[in-house]
Amino acid sequence: IEYGPPIRLSEFKQRFLSGSDTEARAAVKALTHAIEKAMIELTVNAPNWEVLLAARTARDLLFESWRNVPLDSFKDVYQTLVDVFSTPWDSDSEFVALKRSLITYYSLLKTTHLTNGELANLPLSQSRKASSESPVPSRLSTILPLLRESIAVLIRLPLFLVPLMINLPIYWTTRWAGEKASVDEESIAQSKVVVGLILFIAIHGFWFWIIWMCLAVTPIGALIAGASVWGLATYHQKLIDDNYLRAKRLLSAYRVLVGVWGPQRWDLSLSALTQYTTTQPPPENPFLKLPESVKNALVRSSSSPTAPTLASIDAAAPTPTPMGAPKVKRSQRPPSRKLIRHLFRARADAIRRLAAFIRKLDDPSVRVCASGFMARSFNPDPNGVRESLFDKVPGGTNAIETVQGGVETELNPTGWRSGKEVITYLRLKGAKVGKVLREGEGGEQAVQWDAVAAMGSEAELSSPGSGDEQVRIKQEEVEKCATEISDDEVARVEKESATRKQLLLKAPDEDPTARSNVSVAWHVIYKNETFEGGLLQDWMVNASIGAMNDHYAQTGIHFQLDHVDYTLNETWFIGADPVYKAVQNDMKQALRVGDSATLNIYTVGFGTRTNNDLLGYSTFPWWLVNIGNTTANTINGTIDDGVVIVYSSIPDGTEPHYNEGKTLTHEVGHWLGLYHPFQGGCTGYGDGVMDTPPQVKAAYGCPIGQDSCYGDGVDNIHNFMDYSYDACLFEFTAGQAQRAREQTFLFRNLTI
C-alpha cells in the first residue's frame, strides 16, 4: 500500500463553512480535484490501451518479469514507460511498428498462457536475437529445461503436498470465480480475493475444529489447535510463491517442447493467426463516468486510425449485459502448440525493434513526453527553473479547468524528460538494457549452449547466427584471468595454511576482525568522461556490488560499498598490467585505502601490448605475507592487495560474453583465497576443495557435458571460478564457501 501526502482540509473547510452556497460548492469541487490529482500521481495512467499494453510489454522485456521491478519504484518505472510510448511520434513509422510489435507479442503470450519471464528463465539454446533467421530454439535444447523443472518440482512436492491438498479447494474455486467475473482485471481480482478469503476462513476453521476435537475440546487443546493451524498457514505462505513459479515454469517448458517438436503443419496459418495478435480493450465500466475535462487531460490521440484510444472505446464499447441475460461464450483459444513458433518470432521482432528504439532514445537531445509530476521528480532544470519542462507538447494537453467559484485546477500537465535520463533511470532500477541491445541489435548476446555444443579444446565456439554475422572465437585467444599460481606455490601455501590453523587452535595471537560485511573501496580510473573512456556512474558501481552480492548469496558472504573515488589518468587506465607492474604500482600506491580486510577494486581499460585481451586479475590473501607470490613487485603486500578488472565487464557492460558482472565475482573469489577449479589438472593438488571435480582445462563458452578428467565427474563449467561465459556461471560450492572463510581468517584476520 502506498500513501500519498496528506490533503489538508483547513483551506477547504473555511470556504465550505463561509455561509455562501457558491463558495461551498466551489470548495467541494476544489477538494475533489485535489483528491483526483493526488490519485493520478499515485497510479499508472495511460492515454489509451495501445500505449498501456506497449509499455507493459516493454517493461517485461527490459526487466524479464514484473517481479524484477523494485516494488518501491514499480509505479514510477511503469509510468515512465507509459510516458515514453505516449510521446506523439506516431508520424514515425518505426515507432508505430514498435508498438504494434509489442502488442502482438503481448497478445500471443496471453493466448498461449505464457509470460515473458517464464520464457526468459528457460535456458534454451539457439540464438533468439532478432538478427537470427530462426529465433525458434532447437529441439534438443527444449529437453533439458523440462527435465530440470520436473526434477525441481518433484523434489519440492513432498514438502508442499500437505498444505497444497488443504488449500486446493481455494485455488480451484477462486480460479472459477475469476473466470465467471467481468472481463476487467479489477473485478477478477476482487472476486478472487472475496471468495478466497471466505474459503480460507472456512477451511482453516474446519481444521481448527478437527484438531481441537482430537484434543478433547480442552482449553490447552484450543491453543494447540490454533497454533497448529497458524503454523500450517504460515508454512504454506512461505512455500507457495516458489512452488507456484516452479510449477508455471514446468508447464511453460512442456508447452515450448511440444510446440517446437511438433510438425510445421501444426502451426496456425498467418490468416488464422491475425485474430490472436491483437488484444481487445475491455468494455467501458458502467460505474465509471469520466467528465470531459478528465478525458481531455488523459487522452492523447494516436495518428493510427486503428489505435484504441479512450475516446474510441467510449464510442464503440458494447452495452453492458443486463442482469439475467445470457452471457456470450468467449471464443475458444487454440492449443498453445499451434502458436509457439509464432510466439518466438514475435518475441525476436519485439526485441529487435525495442533495441533500435533504445539506441535512438539514449540521447540527451531527445525529449520524451512525461506526466507533470514525473517531470518534476526526475528531470528538474539544473538551475532550479522547472517551468521550461512544461512547454506545450504537440498533440498533448495541459488541461486547466476553472470550476465554479474561480478555482483553477491543473489536472495532468505534460512535461518533458531527457531520453538519455530515462534510459539511465531504467538501468538504475535494474532494467537489462544491455541484454536487450545485444539480443536485438546483432551484438553478442548472453549465449547458452545445448549439449551438442560441447567441444574439445582445439575446437571453435560459434555464436549462433548465420552467414557473415556469425562470430567465432578460439578458446586459446581468450585470456580471462591473469591470476595464476604454480602447483609448487600451491603446496607451500597449503602447508602454511595448515601451520597457521594449528597455531590458532593452540593460542590465537589476536582476535580477528569480525564483520558482517566485507568493506569495499572502488576506484574508477578513466581516460575521458564517457563510458567508453571508463567513466562509471555511481549507479553502475552500486549495480555491480548488488550483482556480486547476488552471486555470493549462496556463500553467506556479503559486500558493502564504503568508498568510491574517480581518477582521470589515461596512463593508469591503459597501462595497468599484472606482469609489468610499474604502472599498477603507481596507481595502487596513490589510491589504495583501508587495511588487509578492505577489498580495493580498480576498474581500468587494459590497453597495452600484453593486456589488451585481459578481463581482470587479483591478489591472493597469502601474498600479504609474501607466500607463493613469485611475481616481482616493489611494493608491500598490503598496498598491492586488491582486484583489477576491465570496466566493460560490469552488468550490462559492452564486453562480449562477459558483461553480467561475473568477472568481478571471479576475481574477488581469488581475493578470498579460491583457486581456479582446473588448478592442478586431473592428478595435482587441485583447488583445495573436495566438492569440485578435478578438471584439466578451463571451460569456454558453455560446454555442457565437458568431462576433461574422465570418471571424476563433469567439469565445473557453471562455477564462478571457471572461464565460461557469464551466462553460464551461477554457482559456488559449499566447499568453496568454507575455504573462502578459512583463508580470509588465516591471512586477513577477518571473520565473515
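How many disulfides does a search of the whole structure find? The search finds two. The model is predicted, and the points below should be read with that in mind.

1. **Cys682–Cys709.** Cysteine 682 and cysteine 709 form a disulfide, with sulfur atoms 1.9 Å apart. The link is left-handed, at -95 degrees about the S-S bond. The pair links distant parts of the chain, 27 residues apart. Both cysteines sit in the loop between helix H22 (662-671) and helix H23 (734-748).

2. **Cover on the first pair.**

3. **Cys702–Cys728.** Cysteine 702 is joined to cysteine 728 by a disulfide, S to S 1.9 Å. Here the link is right-handed, with 60 degrees about the S-S bond. This pair also links distant parts of the chain, 26 residues apart, and both of its cysteines lie in the loop between H22 and H23.

4. **Cover on the second pair.** Cysteine 702 is buried because its relative accessibility is 4%. Cysteine 728 is buried as well, with a relative accessible area of 3%. The cut-off for buried is under 20%.

5. Counting bonded cysteines along the chain, the disulfides follow the pattern 1-3, 2-4.

6. **Two further cysteines.** Cysteine 214 is at 65% relative accessibility and so counts as exposed. Cysteine 369 is at 1%, and therefore counts as buried.

7. **Helix H7.** What span does helix H7 (residues 143-180) have between its end C-alpha atoms? The span is only 36 Å, whereas a straight helix of 38 residues would span 56 Å at 1.5 Å a residue. H7 has a kink of about 65 degrees at phenylalanine 160. The kink lies shortly before proline 163. Please check this region in the model by eye.

8. **Nonpolar patch.** Which residues make the nonpolar surface patch of about 500 Å²? They are Phe206, Trp207, Trp209, Met213 and Val217. Methionine 213 is found in helix H8 (residues 185-214). Methionine 213 has 42% relative accessibility, so it counts as partly exposed.

Definitions and conventions. Residues are numbered from 1 along each chain as its sequence is written. This is a predicted model: local features need pLDDT of at least 70, side-chain atom pairs count only at pLDDT 80 or more; totals for chains, interfaces and linings use all residues. Side-chain values use heavy atoms; hydrogens and water are left out. Patches are made of residues with over 30% relative accessible area and no salt bridge: like charges are joined within 9 Å, nonpolar side chains (Val, Leu, Ile, Met, Phe, Trp, Tyr) within 5 Å. Accessible areas come from the Shrake-Rupley method with a 1.4 Å probe; for residues, only the protein chains shown count as cover. A salt bridge is a side-chain nitrogen of Lys or Arg within 4 Å of a carboxyl oxygen of Asp or Glu. Helices (H or I, at least four residues) and strands (E, at least two) are DSSP runs, numbered from the N terminus. Buried means under 20% relative accessible area, exposed over 50%, partly exposed in between (1.4 Å probe, protein chains only). The expected span of a helix is 1.5 Å times one less than its number of residues. The bend at a residue is the angle between axes fitted to the seven residues ending there and the seven starting there. A disulfide is a pair of cysteine sulfur atoms within 2.5 Å.
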